[in-house]
Amino acid sequence: MAEIELRRVSKRYGSVTVIEDLSLEMQPGEFVVLVGPSGCGKSTLLRMIAGLEEISGGEIVIGGRVVNTMPAKERDLAMVFQSYALYPHMKVADNMSFALRLGGVPKIERDKRVAEAARILGLEDLLGRLPRELSGGQRQRVAMGRAIVRDPRAFLFDEPLSNLDAKLRVRMRGEIKALHQRLGKTTIYVTHDQTEAMTMADTIVVLNGGRIEQAGAPLELYNNPANLFVAGFIGSPEMNLLDVTTLGPNETGVALPDGTNLPIARPLDLPAGTAIVYGIRPQHMSLAADGVPAEAVVVEPTGEAQEVRARAGGTEVSVVIRDAALLSPGQAIALGVDPAQVLLFDKASGERLRP
């Protein structure tokens, strides 16, 4: 049985529909990441699950019970917000135990739970400090500790790392993943950062305009995106999506607008001149003596590789190049494409074409 299930859930504000007819199952112990651009409805959906927003239609089921009318405090969920929301006048231990104190949990039990959460999160030496005496990462761990001590059925995270610097974000997402592995609780995590989604999730749910574009394991979405939106959203640097036309039903190639040919693995059963979209990830292109003639436009060394923006056939593409001398802007190069890695999409609908 699913731990949390959404059955045709919708959310409307007057005439504006934010979530429309959305269904999703989250299994016990699963780490589910809701990802998508700003305004896609991911935070609204999380707040509806938490009971902080009323739903306009459908059912939310937690542990086999429909909770549509159940208040947030009775849903046995713990939420960690984007802002730390710590009480500034309370020390760390008091911040972590505050909800337990309101719930009438005896002090001995409160102290035991706080001590255990502090041990898990490395906060033992900080329990006597005030929030203003902590770093951003420490404050976020306190917010997580406040959720842990409640021993909830599931954890909800609403973009918890967005206020941290890049280096601390990387460290904290590792800590959250390790915490999930240790506690084994169902976790729903909202982010707009697809790198966070790829590195943390058991299941990624890609949202767009209040609808699910695709849901599945991270590598499944990376290797087999269902449509143009998912292909362009998942992956860093993002996939090259090029407007091309077919050469005919027996041809293993397509043409850029200037006539430059690009390879495909198998012929498409489409008439010559059909407009489609050609997808190739920057990591699946390389320098090749017999490749497509191109010119390096922008070169960005990253240490382990160089990310190159190149112009081929009047079209700009991104390429990740390893094990080669550093290129220079304006340098003539030739780009090889692995046909087995090429993805093709219908230009009108955006849906994946499968030869």
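## Lining of the largest pocket

The lining of the largest pocket is made up of 18 nonpolar, 3 polar and 3 charged residues. Here Ala, Val, Leu, Ile, Met, Phe, Trp, Tyr, Cys and Pro count as nonpolar, Asp, Glu, Lys and Arg as charged, and the others, Gly among them, as polar. A pocket is an open set of points on a 1 Å grid over the protein atoms alone, where a 1.4 Å probe fits, with protein on both sides within 12 Å along at least five of seven lines; lining residues have an atom within 4 Å of a point.

This is a predicted model, in which local features need pLDDT of at least 70 and side-chain atom pairs count only at pLDDT 80 or more, while totals for chains, interfaces and linings use all residues. Residues are numbered from 1 along each chain as its sequence is written, and side-chain values use heavy atoms, with hydrogens and water left out.

The largest pocket holds about 580 Å³ of space. Among its 24 lining residues, L77, M79, F81, A99 and R150 are the closest to the centre.

## Second largest pocket

About 300 Å³ of space lies in the second largest pocket. It is lined by 18 residues, and A340, Q341, V342, L343 and R352 are the closest to its centre. This lining divides into 11 nonpolar, 3 polar and 4 charged residues.

Four strands (DSSP runs of E, at least two residues) form an open antiparallel sheet in the order β17-β16-β15-β18. The edge strands, β17 (315-321) and β18 (332-337), each pair on one side only; pairing requires at least two DSSP bridges between two strands.

Strands β15 (residues 285-301) and β16 (residues 306-312) pair over 6 bridges. P301 has Q306 in β16 as its bridge partner.

Definitions and conventions:
Grid points are joined across faces, edges and corners, and a volume is the space filled by probe spheres set on the points.
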